[in-house]
Amino acid sequence: MGAKRVLLIAGGTIGGLGAVLSITPPQFGTASSGGLGGTLLGGGSTTTTTTPAPATTTTPAPTATTAAPAPAATATKKATTTTPAPAATTAAPAPAKAKPSGTFTGSTSQTRFGPVQVQITLVNGKITAANALQYPNNDFRSQQISQQAIPYLVQETLAANSADIQGVGGASYTSQGWYDSLVSALAKAGM
Amino acid sequence: MSIGKRYNADWASIVLGLGLGLTAALYLESTHASDWNGVYPIVTSISRICALLGSYLALVGLVLVSRISFIERSIGHDRLVIWHRKLGPYSLYLITFHVLLVSIGYAANDHAKIGVEIWRIVMKYPWMLPATVAFIFFAAAGITSYKKARAKMSYETWWTIHLYTYLGIALSFMHQVLTGPMFIGHPLNKAYWTGLYLAAAAVIILWRFLIPWVRSLRHNLRVEQVVVEGPGVVSIIMKGRGLDRLGAQGGQFFSWRFIAPGQWWISHPYSLSAAPTKHHMRVTVKALGDASTDVINLKPGTRVFFEGPYGTFVASKATRGHVTLIGGGVGITPLRALMEEFDPTMEIDVIFRASNEEDLVLRRELDALADARGARVHYLVGSRKIHPMNAKYIMNFVPAFRDSDVYVCGPTPLVEAVREAAESCGIPKNRFHDEAFEFHAV
């Protein structure tokens, strides 16, 4: 197999790849709604406090001002694409003076691996129970990840008593879906 | 290779590449940013691409040796076998990478120890137990095909182990479509992939099973007689009808399957030891391996299933007016058949090297053929040291060696020695024709 034939194979490969990717391009652009891991999940405030922290620790103090803009810029960009919902919730607690009680079901959040829907129980404005009515379980890998992640998400939710959660590493989609649905459940409760 | 075949091989390369691209696109098209936003997601992503490409190459490898008649004709069996051998290792490497990387990637994602994660993947994920068995089959076929390992075992053992790759490919399919993120929720991807597997299965069933069966039954080939030619060497004479329609030539080989107890499950690649006639074909065999020993005991009337003819070790490849045929031991048999095929004007020298006098099988036939057409047969009996097959030594017997077409068949050391001799005389590759015994394999 000479160099020419290797070139022909490579040409065919690029042709095949190009043809498919030009018809259905990779969905990197739309991934922002899917979430990018735990750091996003805490909403606007936690994003800005957690992401710059490693940047400042890794960059030497004197050059911090010159080094900072790059990571900061990307961090804020990410934050702006995903923060609309959290911004609304951080604003919400102020008008909600009454402390709600009852069971509230969040909207279904569609993730890449399946829907997530959260149900919470509130007693005088305190989250006493949270559970997933729906979670990704179409395939075994998703089932396994969901089973591992959901107990943590429940704990985080109860501890935070809000949507201000970190999410679970390795279960970024489920965490993002949980967050979205939790936000809508809290909104229904007026929190 | 002729110009036409080269052109066809170029097209085949493009098709191979196109499929490779389409297969890689399965993952890239369905991937998300989160598959690339860290070391371990990237590890997992790479593992999946390795899996896709490795599986694709494994399928291509099977199809290459599936005996599709028009591909065999347009590219040549020998070339297809060479490609099969070149692709095979890449397929195994890629699949091995997949196994390693997916274990690492999943373990990191789940914060589990790697051993625990592997156990969990194998025992709990759907169809992972069969896929693990499939990987073992694959690895076994790869290791036993490695030159040094291959040299240590009989053809039959190697072939049986190799046969399990079919099972391996079938067993690995379900874990792919049930756990692969490029297939879950991507019906078009799943359809492409399933189509690829079904097409490969159809090709194999049709060309490796149905067509050979139908042809074998139609030509009604049966063992007529088994003749002892020398120590451990027998000729099997087979009778059938319309064998001339097979278009076989002396120098070619078939894959033979003798339908007898303990024999039917394995096929043997044997060269014709005489030019085929309308009603008869003959092979001459040394009892080399486990199962080939039993051919001595074949009963007349035993049905023979065959695939072939294969091989480009044929008279029409000669470009000069003189040929040198060099055979070692039982490797003389295709040369004996070739002798009948050359044009009467062709000048022929035969060198027949064997360890002992009694290993000079078919000697009477060789002498008779040589007399009939004025060829010379040089018998060299004794060890490799007494008869070093270098250019100088060969030219003692065949002064016109450097101007002839060289045909050689025998054990690998002999073939390699003659190859070197030919190269040292400046004989170009297209005038050197070899048929190493193990070349038939696959």
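Domain bounds, as used in these legends, come from an automatic or database domain assignment.

**View 1. The domains of chain B.** In this predicted model, the assignment divides chain B into domain 1 (3-206), domain 2 (220-310) and domain 3 (315-440). The C-alpha centres of domain 1 of chain B and domain 2 of chain B lie 35 Å apart. Residues are numbered from 1 along each chain as its sequence is written, while chains are lettered from A and ligands numbered from 1 in the order in which they are written. Because the model is predicted, local features need pLDDT of at least 70 and side-chain atom pairs count only at pLDDT 80 or more, whereas totals for chains, interfaces and linings use all residues.

**View 2. The elements of chain B and their confidence.** Chain B has 13 helices and 11 strands, which are DSSP runs numbered from the N terminus (helices: H or I, at least four residues; strands: E, at least two).

**View 3. The end stretch of chain B.** Over residues 438-442 of chain B the pLDDT is below 50, and beyond near neighbours in sequence this stretch has eight contacts in the model, a contact being two residues whose C-beta atoms, placed from the backbone, lie within 7 Å. Chain B as a whole averages a pLDDT of 90, with 96% of the residues scoring at least 70.

Key. pLDDT = per-residue confidence, 0-100.
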